[in-house]
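Please consult the sequence and the structure below while reading.

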Amino acid sequence: MRPDRRAGLGQGGANRHPGRGLVRSRGAGGLSGRRDLRRRRGSRGGAAVTAPVLEVRDLTVRYGHVTALEDVSLTVGTGEVVAVVGPNGAGKTTLLRTMSGLVKPASGGISIAGRDVVGLPAYRVARAGLAHVPEGRGTVAPLTVEDNLRLGALSENTRETDRRIAGMYEVFPALGRLKRRRAGLLSGGEQQMLVVARGLMSQPSLLAIDEPSMGLAPIMVRELVGMLRRAAETGVGVLIVEQNLALATQLADRALILVRGTVRASGSRGELPADLLEEFLA
C-alpha cells in the first residue's frame, strides 16, 4: 500500500472531509481493465485530494423503537479503501442496506458521487454508482463465470459489455482462465473474486462489500487483500464491512469501529485506541 494513501481521521468520530488518494479520469477509454488515474491538486496547490464518492452524514436508522444506527458519518474517497468493523449486532450490515436503498433512515444524508440517494429505490441507487456485494457472495451457480459477469453490467449494449468483461479479465486474470466454468464449481475464493468483478462490471463509483472474508481459508484471505486493492487501483472507492479487524486494518486506508450503532473510533491502525484494538483482536 502506498504511503501517500494512508490518510487518517483522528479519533472520536468519522471523517467528514474527503480523503487522500487517486482521482479517476472519465476519458474516452473508460474501464478497459484499469482506469486512467490522475491526481487533482487542491485549491491552494497542496497535496492531492479526492472528491468523496460516498458521504454519509449523521445517519440514524431505527427498527420500531430500536435504534440500529445513531448519528453515523463517514466518507470514502476515489480509489480509497475504508473498513467498518465491529462485533455482531453493531449495525454494520444495516449501514450497507441503508446506503443501498433497502432500509429507510430515520434521519441523515447519504450521497453517492455527489448525488443524494436517500429515498431512492435500490435500483436507482445502483444506477447512481453504488455496487453492493452482500454477505454470502451470491453467484448464480448454474451460469458460467462470464455469464455472471454479464449480469453485473447493467447495460444492454453487447459490445460495451464485452469490453468491460475484457477489462475484468485484465484486472483478475484468474477469471479469464475460468470464464467457461460454472460459478457453482468455483472455490470460495474464486467465487469472492467473481462477485467483486461482477460488482465492478457496472462501473460504479463505490464498491461496498459485506463480510468479504467470511468462510475463506487464510490463504484465500491474503488473495482477497490483493483483489480489493486491485479494485481500488481502478479508481473505485471501496467500503468493506468486516469483523476481522486485523484484515481490515491491513487492507484499508482507514477504519471505523462501530459498536451498538455508533462510531467509537476511526483512523488508520496507528491512530485507533489500543484498548479497542485489544478488545477486537482478542
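## Surface and overall composition

The protein exposes about 12,600 Å², and carbon and sulfur atoms supply 48% of that area. Accessible areas come from the Shrake-Rupley method with a 1.4 Å probe, and for residues only the protein chains shown count as cover. The model is predicted: local features need pLDDT of at least 70 and side-chain atom pairs count only at pLDDT 80 or more, while totals for chains, interfaces and linings use all residues. Residues are numbered from 1 along each chain as its sequence is written, and side-chain values use heavy atoms, with hydrogens and water left out.

The protein contains nine helices and 12 strands. Helices (H or I, at least four residues) and strands (E, at least two) are DSSP runs, numbered from the N terminus. Of the 282 residues, 53% are buried; buried means under 20% relative accessible area, exposed over 50%, and partly exposed in between (1.4 Å probe, protein chains only). Among contacts between residues at least 6 apart in sequence, 70% join residues at least 24 apart, where contact means heavy atoms within 4.5 Å.

## Nonpolar cores

In soluble globular proteins, nonpolar side chains tend to be buried together. A nonpolar core is here a set of buried Ala, Val, Leu, Ile, Met, Phe, Trp, Tyr and Cys residues joined through side-chain atoms within 4.5 Å. The largest such core has 48 residues, and those with the most contacts inside it are Leu149, Phe172, Leu175, Val196, Leu200, Leu207 and Leu228. Helix H7 (residues 218–233) gives the most to this core, with seven residues. A second, separate core comprises 30 residues, including Leu54, Val76, Leu95 and Met99.

Leu175 touches Val145, Tyr169, Glu190, Met193, Leu194 and Ala197, when residues up to four places away in sequence are not counted.

Helix H1 (residues 92–99) is largely enclosed by the rest of the structure, because six of its eight residues are buried. The buried residues of H1 are Lys92, Thr94, Leu95, Leu96, Thr98 and Met99. H1 is followed by Gly101, whose phi is positive, near 85°.

## The largest pocket

A pocket is defined on a 1 Å grid over the protein atoms alone, as an open set of points with protein on both sides within 12 Å along at least five of seven lines; a cavity, by contrast, is a set of points where a 1.4 Å probe fits but cannot get out, and lining residues have an atom within 4 Å of a point. Grid points are joined across faces, edges and corners, and a volume is the space filled by probe spheres set on the points.

The largest pocket holds about 280 Å³ of space. Its lining consists of 15 residues, of which Ala131, His132, Gly152, Arg198 and Gly199 lie nearest the centre. The elements that give two or more residues to this lining are helix H2 (122–128), strand S8 (130–133) and helix H6 (188–200). S8 gives the most, with four residues. By class, the lining has nine nonpolar, four polar and two charged residues. Ala, Val, Leu, Ile, Met, Phe, Trp, Tyr, Cys and Pro count as nonpolar, Asp, Glu, Lys and Arg as charged, and the others, Gly among them, as polar.

## Individual residues

Two residues other than glycine have positive phi values. Gln203, with phi near 55°, lies in the loop between H6 and strand S9 (206–210). Glu211, with phi near 50°, is found in the loop between S9 and H7. Glu211 is buried, with a relative accessible area of 7%.

Ala255 is found in strand S11 (residues 254–259) and counts as buried because its relative accessible area is 1%. Not counting residues up to four places away in sequence, Ala255 touches Ala83, Thr249, Ala265, Ser266, Gly267 and Leu272. Arg62 belongs to strand S3 (residues 52–63) and is partly exposed, at 45% relative accessibility. With the exclusion of residues up to four places away in sequence, Arg62 touches Thr67, Ala68 and Ala106. Ala166 lies in helix H4 (residues 158–171) and is partly exposed, at 45% relative accessibility.

The table gives the C-alpha separations for these residues.

| Residue pair | Separation in sequence | C-alpha to C-alpha distance |
|---|---|---|
| Ala255 and Ser266 | 11 residues | 5.6 Å |
| Arg62 and Ser107 | 45 residues | 9.4 Å |
| Ala166 and Gly176 | 10 residues | 8.3 Å |
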